[in-house]
Amino acid sequence: MSGLSPSEAPGALCRNCLALLPEVAGLSISMPADGSDRGVVLCASADVAARLAEIQYTLGEGPCREATRLRAPVFATNLTRAPDTRRWPLFSVQATKAGVEAVFSLPLAGNGTPLGTLDLYQKTPGSLSADRLRTALLVADAVTLTVLALDQASPDFEGVVTWLPGAESDREEVHQATGMIMMQLGVSAEEALLRLRARAFTHGRTATEVARAIIERTMDLRDD
């Protein structure tokens, strides 16, 4: 990662992780936004991985949300049947539609606080072998150290992810759209965000996609 610009760092981080875990179909690294239950997808190996990471924050459920809350690894070894379908009824449907039937979420623990998660996606049901799990845990530790090191190297002291312009941009779009909904509907920030998420869910889109449509005025929640 040495010598890379901030815009190059997320992609390189994902490529390095995937090289160490070639058996997974994809992976993503995400973290909760400061002081809220929104999330920021720092990087993803593919569009499907990015979408599944973000949709967990849109739906408010999924292995990555639970791994962050519990500060412990959470494994969904078969999203096509119970108990995973009972545990995450909405996310399991979205994941299987996307061709993913198993997810392994590993917490990134920075200085005793939940920094985020490394999420691994598998196309078929099944557990990680002991050797693969050991490698995945080591990769999660390496990601944690890398994110913390990059954050300390950032010239901006406002937050841990300010070195990731793309991730920040996504979060800003949701903030901006939430503010527009508040003004249009005269509701609180919490209700505005819930309405944005509800629209995303009913249309099968992510919160960021709906936020962009609202900002571009191609979608109006006053039509509900």
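A residue is called buried when its relative accessible area is under 20%, and exposed when that area is over 50%. The model on display is predicted, and by this cut-off buried residues make up 46% of its 224 residues.

**The whole chain.** Display the protein as a cartoon. Nine helices and five strands come into view, and along the sequence they follow the pattern α-β-β-α-α-β-α-α-β-β-α-α-α-α. Next, show the surface: the accessible area is about 10,900 Å², with 52% of it belonging to carbon and sulfur atoms. Among contacts with a separation of 6 or more, 56% are between residues 24 or more positions apart.

**The aromatic pair.** The structure holds one aromatic pair. Select F75 and F104, whose ring centres are 5.5 Å apart; the planes meet at 70°, so the pair is edge-to-face. F75 belongs to strand β3 and F104 to strand β4 (residues 102–110), so the pair ties together parts that are 29 residues apart in sequence. Are these two residues buried or exposed? F75 is partly exposed, with a relative accessible area of 30%, whereas F104 counts as buried at 1%.

Technical notes: Residues numbered from 1 in each chain as written. Predicted model: local features only at pLDDT ≥ 70, side-chain atom pairs only at ≥ 80, totals over all residues. Heavy atoms only, no water. Helix = DSSP H or I, 4+ residues; strand = E, 2+ residues; numbered from the N terminus. Buried < 20%, exposed > 50% of the residue type's maximum accessible area, 1.4 Å probe, protein only. Contact = heavy atoms within 4.5 Å. Areas by Shrake-Rupley, 256 points an atom, 1.4 Å probe, with all protein chains shown as cover. Phe/Tyr/Trp six-rings, centres within 6.5 Å; stacked < 30°, edge-to-face > 60°.
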